[in-house]
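The following exercises ask the reader to work through one protein chain step by step. Each task is followed by its solution.

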Amino acid sequence: MTFLALDVGNTRLKWAMYESPQLGARVLAHGAQFLENIETLAEGDWAALPVPHRMLGCVVAGDAVKRRVEEQMELWDTTPQWVVSGNAEAGLTNGYDHPARLGSDRWIAMIGALQHLRVSGRHKPCVVVMVGTAVTVEAIDASGRFLGGIILPGHGIMLRALESGTAGLHVPTGEVRDFPTNTSDALTSGGTFAIAGAVQRMVENLKHHTGEEPVVFMTGGAGWKMAPSMSVQCELVESLIFDGLLEIASRRFG
Ligand SMILES: Nc1ncnc2c1ncn2[C@@H]1O[C@H](COP(=O)(O)OP(=O)(O)O)[C@@H](O)[C@H]1O
Ligand SMILES: CC(C)(COP(=O)(O)O)[C@@H](O)C(=O)NCCC(=O)O
Ligand SMILES: [K+]
């Protein structure tokens, strides 16, 4: 029973086709497209794929984008199913004031993180960092309760905000340096330290709250860029959202 997993963020649509909707299922094909290229999927990347029997996805890019994705899925007669954040799912409980208002990508990445903790036999609090268009940093206690999380701008938005709000900050991308001595390095290091510092703060908050050192997972399109600059130890798991989608799919369709 083939299974298509979709993660539609504010910059890119990421997809993966699996042999079955089960944890550990073999990946048959995967890819990513910028949102402006969604219309190429049915006649491009997806044209030669086997028909997915089931589909599960998350979309945080708005209803218009969701409709454009569903149009491409008309290639098959597979019903699109989109995850929404709830009160509880797959061992995770939601501490948000309005659970359904939590971004579904955040909810699913946390479910993926709990799955990683389970298979490695660790019963610990964890922090989940997603570095995409925006950056999110979530805190989960050892019982699987999502306590809360923060949202900050990603690298691109930080740079664009500074460029558009100032006269003198139109410069090429720089390097991350401890003590930047030019504008390019100052901007690149500033963005990187903002994210690394926010994660460190959340780790401290959670450690203080639970009395235990949390496990830190990081994911998202720009996760690899942040990894060398993190000030706390963290595990880079590129597939966290897909692992979460597979976990949910296993329970719903498996
Ligand atoms: N090859 C790449 N293509 C697109 N974005 C990339 C790439 N490598 C790194 N990035 C960074 O990742 C971010 C997009 O990550 P992604 O996880 O796709 O975001 P979202 O889930 O919000 O769509 C971009 O802002 C960019 O900084
Ligand atoms: C925080 C987000 C913008 C992250 O989006 P992304 O960077 O993955 O494109 C998204 O999860 C979202 O729109 N959340 C809804 C608000 C909330 O989670 O509180
Ligand atoms: K995302």
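**Exercise 1.** Determine how the span of helix α2 compares with the expected value, and decide whether the helix is enclosed or open.

*Solution.* The model examined here is a predicted one.
Step 1: Helix α2 contains 16 residues, and the distance from its first C-alpha to its last is 23 Å.
Step 2: At 1.5 Å a residue, 22 Å is expected, and the span of α2 is close to this value.
Step 3: A residue is counted as buried if 20 or more other C-beta atoms lie within 10 Å of its own. In α2, 13 of the 16 residues are buried, so the helix is largely enclosed by the rest of the structure.
Step 4: Just after α2 comes G121, which has a positive phi of about 65°.

**Exercise 2.** Describe helix α4: its span, its buried residues, and the elements against which these residues pack.

*Solution.* Step 1: Helix α4 runs over residues 183-210 and has 28 residues. From first C-alpha to last it reaches 40 Å, close to the expected 40 Å.
Step 1: The buried residues of α4 are L187, T188, G191, T192, I195, V199, M202, V203 and L206.
Step 2: These buried residues pack against the strands β7 (126-131), β8 (134-140), β9 (145-153) and β10 (215-219), and also against the helices α3 (155-165) and α5 (223-226).
Step 3: Just after α4, the residue G211 adopts a positive phi of about 75°.

**Exercise 3.** Classify I151 and R160 as buried, partly exposed or exposed, and place each of them in the chain.

*Solution.* Step 1: I151 belongs to strand β9. Because I151 has 13 C-beta neighbours inside 10 Å, the residue counts as partly exposed.
Step 1: Apart from its neighbours within four places in sequence, I151 is in contact with A134 and T136. V135 is 16 residues away from I151 along the chain, and their C-alpha atoms are separated by 5.7 Å.
Step 2: R160 is located in helix α3. With 11 C-beta neighbours inside 10 Å, R160 counts as exposed.
Step 3: R160 and H170 are 10 residues apart along the chain, and 9.3 Å separates their C-alpha atoms.

**Exercise 4.** Into which domains is the protein chain divided, and how many residues of each are in contact with the other?

*Solution.* Step 1: The chain is divided into domain 1 (3-82) and domain 2 (88-245). Their C-alpha centres lie 24 Å apart.
Step 1: Contact involves 10 residues of domain 1 and 10 residues of domain 2.
Step 2: On the side of domain 1 that touches domain 2, the elements β1 (3-8), β2 (12-18) and β4 (54-59) give two or more residues.
Step 3: The residues of this side divide into five nonpolar, three polar and two charged.

**Exercise 5.** Explain why ligand 1 lies between the domains, and describe the shell around ligand 2.

*Solution.* Step 1: Ligand 1 is surrounded by G9, N10, T11, R12, G132, T133, G154, H155, G156, G220, G221 and A222. Of the residues in this shell, one is nonpolar, 10 are polar and one is charged.
Step 1: Domain 1 and domain 2 both give residues to the shell, so ligand 1 lies between them.
Step 2: Around ligand 2 there are 13 residues, of which G9, N10, G103, G132 and A134 come nearest. The elements α2 (104-119) and β8 give two or more residues to this shell.
Step 3: The shell around ligand 2 divides into four nonpolar, six polar and three charged residues, and at least three residues are drawn from each of domain 1 and domain 2.

How values were computed: Residues are numbered from 1 along each chain as its sequence is written. Chains are lettered from A and ligands numbered from 1 in the order in which they are written. This is a predicted model: local features need pLDDT of at least 70, side-chain atom pairs count only at pLDDT 80 or more; totals for chains, interfaces and linings use all residues. A residue is near a molecule or strand if its C-beta atom, placed from the backbone, lies within 6 Å of it. Ala, Val, Leu, Ile, Met, Phe, Trp, Tyr, Cys and Pro count as nonpolar, Asp, Glu, Lys and Arg as charged, and the others, Gly among them, as polar. Domain bounds come from an automatic or database domain assignment. Helices (H or I, at least four residues) and strands (E, at least two) are DSSP runs, numbered from the N terminus. The expected span of a helix is 1.5 Å times one less than its number of residues. A residue is buried if 20 or more other C-beta atoms lie within 10 Å of its own, exposed if 12 or fewer, and partly exposed in between; C-beta atoms are placed from the backbone. Two residues are in contact if their C-beta atoms, placed from the backbone, lie within 7 Å.
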